[in-house]
Amino acid sequence: MSTWTWAYDPDGYGDSLPPDVQAAVERLGADLAELNSMVYLDGAAYQGLSPGLRFESGKTATGREFTINYATHVRGECVVIVSVIVS
């Protein structure tokens, strides 16, 4: 099991999203945390460059499309979602 986590920045950001989008974003955040745990095996001991701000798109269970912008804090073993754009 991965020790990696994910979070919104700011903390309450997800509360402003429609419930279906919030649920889909939270699933995607968990998936990205798991993926990054496999890519950055050194985690807290990582010495490389930061991967920078990235984006990922998804769909809700009802078919709404969204895109998240996120940063991977490798040494903190955390994916940080900084914005969500709903189409």
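**View 1. The salt bridge between Glu 65 and Lys 59.** In this predicted model, the side chains of Glu 65 and Lys 59 meet in a salt bridge with an N to O distance of 3.8 Å, the term standing for a side-chain nitrogen of Lys or Arg within 4 Å of a carboxyl oxygen of Asp or Glu. Glu 65 is partly exposed at a relative accessible area of 41%, whereas Lys 59 is exposed at 53%; buried means under 20% relative accessible area, exposed over 50%, and partly exposed in between, with a 1.4 Å probe and protein chains only. Side chains of opposite charge can pair when their charged atoms come close.

**View 2. The salt bridge between Asp 20 and Arg 64.** Here the side chains of Asp 20 and Arg 64 meet at 3.2 Å, N to O. Asp 20 belongs to helix H1 (residues 19-39) and Arg 64 to the loop between strand E2 (53-59) and strand E3 (65-73), so the pair ties together parts that are 44 residues apart in sequence. Helices (H or I, at least four residues) and strands (E, at least two) are DSSP runs, numbered from the N terminus. Both partners are partly exposed, Asp 20 with a relative accessibility of 21% and Arg 64 with a relative accessible area of 33%. A search of the whole structure gives 2 salt bridges.

**View 3. The fold around the two pairs.** The chain holds 1 helix and 4 strands, which follow one another along the sequence in the pattern β-α-β-β-β. The radius of gyration, taken over C-alpha atoms, is 13 Å, close to the 12 Å that the globule rule (2.2 Å times the number of residues to the power 0.38) gives for 87 residues, so the chain is as compact as a globular protein of that length. Along its principal axes the C-alpha trace spans about 40 × 25 × 20 Å, and buried residues make up 36% of the 87 residues. Of the contacts (heavy atoms within 4.5 Å) with a separation of 6 or more, 51% join residues 24 or more positions apart.

**View 4. The charged side chains.** The chain carries 5 positive and 11 negative side chains, and the centres of the two sets lie 6 Å apart; Lys and Arg count as positive and Asp and Glu as negative, while His and the chain ends are not counted.

**Notes.** Residues are numbered from 1 along each chain as its sequence is written, and side-chain values use heavy atoms, with hydrogens and water left out. Local features need pLDDT of at least 70 and side-chain atom pairs count only at pLDDT 80 or more, whereas totals for chains, interfaces and linings use all residues.

Methods
Charge placed at Lys NZ, Arg CZ, Asp CG, Glu CD.
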